[in-house]
Amino acid sequence: MADQVLLTVESKAELEKRLEELKGKGRAEMAAKIAEARSFGDLSENAEYDLARDEQAKMEREISDLENMLHNAKIIENVRTDTVGVGSTVSFAMDGTEYTYQIVGSQDSDPMNGKISNDSPIGKALIGHRKGDAFAADIKVGAHVRKRQFKITEIH
């Protein structure tokens, strides 16, 4: 069984849109590109044809990956509970500095926009904790592991 893919509603819609583009316009454009390359002559020595076929294979892999991802998708929502979990937005102090992040699946991870993966070191450290919990966790940063101090200040 394939692994579940945790997605927000927005990212699922973006993946569906991309899939439709590839299956419709993408495949049509690729067929035209292959036909044009085929017209250049002998296929055994036709670099344009080989390149077009490679691009087609790459596109078909992307289509397959998107279909699998969407088939195994589980929609996460911003849920309010007593404990931090996927979908929670959590405010916390780490080594005295305040942060607020939503815990999302790895597909939606975007730390610059306040979303961290449940598989990230910080996401893993936060999951399961409650408001007010203070704890230490070993966080791998590059090649080093450092003990970081956490305190959950709010679960939104």
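This is a predicted model: local features need pLDDT of at least 70, side-chain atom pairs count only at pLDDT 80 or more; totals for chains, interfaces and linings use all residues.

Modeller: Start with Arg 130, which sits in the loop between α3 (121–126) and β6 (134–141).

Biologist: What makes Arg 130 count as partly exposed?

Modeller: Its relative accessibility is 43%. Buried means under 20%, and exposed means over 50%. The value falls in between, so Arg 130 is partly exposed.

Biologist: Which residues does Arg 130 touch, leaving aside neighbours within four places in sequence?

Modeller: Arg 130 is in contact with Asp 82, Thr 83, Ile 152 and Ile 155. Val 90 is 40 residues from Arg 130 in sequence, and their C-alpha atoms are 9.7 Å apart.

Biologist: Now Asn 118, in the loop between β5 (115–117) and α3. Why is Asn 118 called buried?

Modeller: Asn 118 has 16% relative accessibility. The cut-off for buried is under 20%, so Asn 118 counts as buried.

Biologist: What surrounds Asn 118, beyond neighbours within four places in sequence?

Modeller: Its contacts include Leu 6, Val 86, Ile 103, Gly 123 and Ile 127.

Biologist: Turn to helix α1 (residues 9–38) and helix α2 (residues 47–71). Why are α1 and α2 called roughly antiparallel?

Modeller: They pack at an angle of about 160°. Angles over 145 degrees count as roughly antiparallel. Therefore α1 and α2 get that label.

Biologist: How far apart are the axes of α1 and α2?

Modeller: The axes are 10 Å apart. α1 passes α2 in a left-handed crossing.

Biologist: What kinds of residues make up the contact of α1 with α2?

Modeller: The contact has 13 nonpolar, two polar and 13 charged residues.

Notes. Residues are numbered from 1 along each chain as its sequence is written. Side-chain values use heavy atoms; hydrogens and water are left out. Axes are lines fitted to C-alpha atoms, for helices over the stretch in contact, and angles run from 0 to 180 degrees between N-to-C directions. Helices (H or I, at least four residues) and strands (E, at least two) are DSSP runs, numbered from the N terminus. Angles under 35 degrees count as roughly parallel, over 145 as roughly antiparallel, 65 to 115 as roughly perpendicular and the rest as oblique. A crossing is left-handed if the near helix is turned anticlockwise from the far one by less than a right angle, and right-handed if clockwise. Ala, Val, Leu, Ile, Met, Phe, Trp, Tyr, Cys and Pro count as nonpolar, Asp, Glu, Lys and Arg as charged, and the others, Gly among them, as polar. Buried means under 20% relative accessible area, exposed over 50%, partly exposed in between (1.4 Å probe, protein chains only). Contact means heavy atoms within 4.5 Å.
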